[in-house]
Amino acid sequence: MIPSLDARIVLREDGIHLAEDVFSSTDLRRHRELIAEAHLILTMTEQQKEMLGSYEEARGRDIFTLKEFVGESGDIHDPFEQGEDKYRYCRDEIKRCLTKGVDRLLARLED
């Protein structure tokens with residue numbers, strides 16, 4: 001699906017420009033082959049983690065929420081239709097968690 005205008009605006013603030021005409025669906029309910037190919041799956045919420053974990057293709061795959069992966073609790077909820085400030089907050093939470101977890105991610109690549 002095409003990212004919302006709010007999402008595109010706050011990503012542009014970080015130098016990330018998303019063109020509307022280059023997207024394809026990444027709905028994992030429709031593209032379960034992506035789950036089967038994954039070595040690690042990071043979700044934003046516990047509900048997403050549980051949903052993906054119920055798929056046959058996820059058997060034996062490591063699935064974590066992003067916050068769980070970096071040793072924290074809680075979810076990063078979808079900011080859809082909640083305005084630019086909420087999108088900024090979520091963007092910043094994702095960046096913070098990825099920065100915190102980069103060493104763990106790189107260590108997994110070496111294994």
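The expected span of a helix is 1.5 Å times one less than its number of residues.

First, the ground rules. This is a predicted model, so local features need pLDDT of at least 70 and side-chain atom pairs count only at pLDDT 80 or more, while totals for chains, interfaces and linings use all residues. Residues are numbered from 1 along each chain as its sequence is written, and side-chain values use heavy atoms, with hydrogens and water left out.

Now helix 5. Helix 5 covers residues 84-110. Helices here are DSSP runs of H or I with at least four residues, strands are runs of E with at least two, and both are numbered from the N terminus. What span should helix 5 have, and how far apart are its end C-alpha atoms? At 1.5 Å a residue, its 27 residues should span 39 Å. The end C-alpha atoms are 37 Å apart, which agrees.

There is a bend, though. Helix 5 bends by about 55 degrees at Gly101. The bend is the angle between axes fitted to the seven residues ending at a residue and the seven starting there.

Which residues of helix 5 are buried? Tyr87, Cys90, Arg91, Glu93, Cys97 and Gly101. Buried means under 20% relative accessible area, exposed means over 50%, and partly exposed is in between, with a 1.4 Å probe and protein chains only. The cover over these buried residues includes helix 1 (5-12) and helix 4 (66-69).

Take Arg91. Its relative accessible area is 13%, so Arg91 counts as buried. Leaving out residues up to four places away in sequence, Arg91 touches Val10, Glu13 and Asp14. Contact means heavy atoms within 4.5 Å.

Next, the cysteines. A search of the whole structure finds zero disulfides. A disulfide is a pair of cysteine sulfur atoms within 2.5 Å. Cys90 is in no disulfide; its nearest cysteine sulfur belongs to Cys97, 11 Å away. Likewise, Cys97 is in no disulfide, and the nearest cysteine sulfur is that of Cys90 at 11 Å. Cys90 has a relative accessible area of 5%, so Cys90 is buried. Cys97 is at 0%, so Cys97 is buried.

On to helix 3. Lys49 lies in helix 3, residues 46-53. Is Lys49 buried or exposed? Buried, because its relative accessible area is 17%. Where does its side chain make a polar contact? With the side chain of Glu68, at 2.8 Å. A polar contact is a pair of N or O atoms within 3.5 Å; within protein, one must be able to donate a hydrogen and the other to accept it, and residues adjacent in sequence count only if both atoms are side-chain atoms. Lys49 also touches Thr43, Ile63, Phe64 and Thr65, again not counting residues up to four places away in sequence.

Thr45 is at 10% relative accessibility, so Thr45 counts as buried. A polar atom of its side chain lies 3.1 Å from the backbone nitrogen of Gln48. Thr45 touches Thr65, Asp75, Ile76 and His77, with residues up to four places away in sequence not counted.

Last stop, Glu81. Glu81 lies in the loop between helix 4 and helix 5. Its phi is positive, about 60 degrees, although Glu81 is not a glycine. At 69% relative accessible area, Glu81 is exposed.
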